[in-house]
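User: Could you take one part of this protein and walk me through it slowly? I'm new to this, so please start with the big picture.

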Amino acid sequence: MAIAAKYDPKTIEDKWYSYWMENNYFHSEVNDKKPYTIVIPPPNVTGVLHMGHMLNNTIQDILIRKARLQGFNACWVPGTDHASIATEAKVVAKLKSEGIDKASISREEFMKHAWEWTDTYGGRILDQLKKLGASCDWERTKFTLDNSLYESVIQVFVDLYNKGLIYRGYRMVNWDPEAKTTLSDEEVIYEERQGKLYYITYAIENSEEKLTIATTRPETIFGDTAICINPNDERFQHLKGKKAIVPIVNRVIPIIEDEYVDVEFGTGCLKVTPAHDENDKNLGDKHQLEVIDIFNDDATLNQHGLHYQGKDRFEVRKAFTKELEEKGFITKIEDYTNKVGTSERTKAVIEPKLSDQWFLKMEELVKPAIKAVLEDDEVKLFPKKFENTYSHWMNNIRDWNISRQLWWGHRIPAYYYGEGKDDFVVAKNIEEALVLAQEKTNNPDLTANNLKQDDDALDTWFSSWLWPMSVFDGVRNPDNKEFNYYYPTNDLVTGPDILFFWVARMIIAGYEFTGKKPFTNVYLTGLVRDKQGKKMSKSLGNSPDALKLIEDYSADGVRVGLLLSNAAGNDLLFDESLCQQGKAFGNKIWNAFRLIKGWEVADIPQPESSKIALEWYKEKFKNTLNEINDHFEKYRISDALMATYRLIWDDFCSWLLEMVKPAYGAPIDKVTLEETIQLLENNLKILHPFMPFLTEEIWQNITERNPQEALIIASWPKDTKANTQMINDFEVVKEVIAGIRKIRKEKNISFKNTINLQVLNNDNFSKEYDTVIQKLGNIATFSYTTEGINNALSFRVKTNEYFIPIGDNVDVAAEIEKLKEELSYNEGFLKSVEKKLSNERFVNNAPEKVVAIEKQKQADAIAKIEAIKTSLANLQ
């Protein structure tokens, strides 16, 4: 079989991915093996592959491929999330480009457009993951709006409602005016922004007096229904019981008293706008104030905004401020930094808004999930530091606002039969709803036409929190064989930014609906940042095209590049040069393979040096394998790669192959070649999870193999105890060879020329490695001596001295002159150090660390001078 001179990843990656798919290696069915299961964090159906996905899915693929090699029944379930807000926004934008307004069409028509969009563009990211080498069980691909998953979500809603945990409430919510929907608290991102603090005067009714309030949002003045003062604030005792007049609006509002007002903040007078601030709403409820909502759903002002009706809130802020200034109501404006809530999805500034919404009571639901992570260690977070974040969120949880004013998603299964607040029933479908409604109203004549389903959809996360259960149909059919076999799953790999959104909620749902954890281990990756430490994003223009990276550096190169700079929970400072390093690693292995396959084999005795070298590498491999397995157990995936990288690049390519390769033009013995190939195969097994394409290509080129012998389903090497003495001894051998090579380089002795070596073996180092030293040092004669050798170059390793007698290879006079110069320099340097150390003032006053450094310099200089003098003595 001809082996290509250059590794070509483009053709090889397509070839082997197709081969793996054709032979169904990724697919899992229930069998007698122990299962190992991962469910993919479902990317948005709107998504395309970005650096975060690359990192996350590379790690998942590494874990699943390793489990497959270890003999587990490995099952990696892929899928996508319908992503209510993001997808609806894309469909609305597409309709707008076609001149269609969402408000002008029916829900059914909109859903038809949404499904067409999803069928056309949805799932692109899953195809892109194949380019990365993701070995998902594609036959099991799920979508959160698949019928089975839809039914699971609706069943859970009904169940929780019947348990009294879901309720409908009129509350202050986070309103996204761009998506025109409510958001949960966790979907609001607070950003520090530079704004203004406006000081505005209000006249006191029937008086010349005025009071001043400070606000960052003058446009909300249209919704003011009171001014509040602290009853203990002596400055405003005279205002008690009086009324103020809202500027421009001219509404008369009461001045109320409440200790909630911070006397130190602003002016000590607080304007109260119950419809647009949660704290103001609490004050309003307490003091029975009028509630005036001034905003339309898109954050333009409604009729309460008077002559600003229909204008955007920020446009109004500018114009209204100008009007207030012109009419003398503003006393001053200051720069002010405050935290502004923005929508995680649309980035729009959130408006607090009073609205009828559906909520899920969380206080009791979270308790088993808190216990599982923080007390029983049933679910482990890697790294452990994230337990503090988890604890903070879970112990400060609020009821979850689960309704969204969207059409794309799981429609809330509530059916209204009247206009009253409680005139509804909750059921899985309209048929069941009709029966319940007839019972509730005691009206058997009620028909399905009398029922109207709630228009809202559920929060996307309300389906995602069921993902490990619903992908195996464990909600609708909890006793099915697949669910009983694959659940709980093993590992979850995700970003810490959704630790609460998704991870915590899956744990909550797992215990609530199955009494079991959904997974055992959670590996939290870091965020991908650029070299300057900025988070990578398309909007910042600092995120490379993931598919272009694969094209330029190969999938294996990118996988290695990502992991070379990533550790669990720490952010990844991504640098394209790391992908180049990954690609270079692949080329190194390919060239090593070509070297081995290029050797001619002959029926000749095995050299002792090769025998020793192979024994050493076997022990080194065992030792590194134990280290790699330990890293995997602790979810130090990058460390596992680095250990593999060093073993193959340094120990196998740089040392073993040099030790066993035959002389130029000579053949290799059969035993050495077979053992070297066997060791290469073991290397390919432990490298396969990281670099699947390259390893499969080499594996299949070593010898002809049938589909049952593919690397992807080979066996992970077994753990055995290593001979650490041999490994440690070999480090000494490496030092000896490095000493020989250094002298050759410094003295310009060609590596082609043989030299002689004599050893003064003071520490009785084993002689079994002599043949290896002789081969790698290109030594003609290797002998032992009991005393130093004159007229020789020397170096020391531990207490042993190594002498290279000077022959025609070295100009002795020039070498003596060079050593004398070196001696003179080091003696001068020693004098300057000793002068400093003899200065009592320096020794007594300098930091202890500085003095210690100078003493170390002194010791090093003395040792160096001694070595130079010995070398001179040997040459003279």
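Analyst: Let's start with charge: the protein has 110 positive and 134 negative charges, and their mean positions lie 4 Å apart. Keep in mind that this is a predicted model.

Now the overall build. The protein holds 27 helices and 31 strands. Its C-alpha trace spans about 115 × 80 × 50 Å along the principal axes. A compact globule of 876 residues would have a radius of gyration near 29 Å, but here the value is 37 Å. Even so, 54% of the 876 residues count as buried. Take the contacts between residues at least 6 apart in sequence: 77% of them join residues at least 24 apart.

OK, let's zoom in on helix H3, which covers residues 84–97. It has 14 residues and reaches 20 Å from its first C-alpha to its last, close to the 20 Å expected at 1.5 Å a residue.

Which residues of H3 are buried? They are Ser84, Ile85, Ala86, Thr87 and Glu88, then Val91 and Leu95. Here's a handy rule for reading that list: an α-helix has 3.6 residues a turn, so residues three or four places apart point the same way.

Definitions and conventions. Residues are numbered from 1 along each chain as its sequence is written. This is a predicted model: local features need pLDDT of at least 70, side-chain atom pairs count only at pLDDT 80 or more; totals for chains, interfaces and linings use all residues. Side-chain values use heavy atoms; hydrogens and water are left out. Helices (H or I, at least four residues) and strands (E, at least two) are DSSP runs, numbered from the N terminus. The radius of gyration is taken over C-alpha atoms; the globule rule is 2.2 Å times the number of residues to the power 0.38. Buried means under 20% relative accessible area, exposed over 50%, partly exposed in between (1.4 Å probe, protein chains only). Contact means heavy atoms within 4.5 Å. Lys and Arg count as positive and Asp and Glu as negative; His and the chain ends are not counted. The place of a charge is taken as NZ of Lys, CZ of Arg, CG of Asp or CD of Glu. The expected span of a helix is 1.5 Å times one less than its number of residues.
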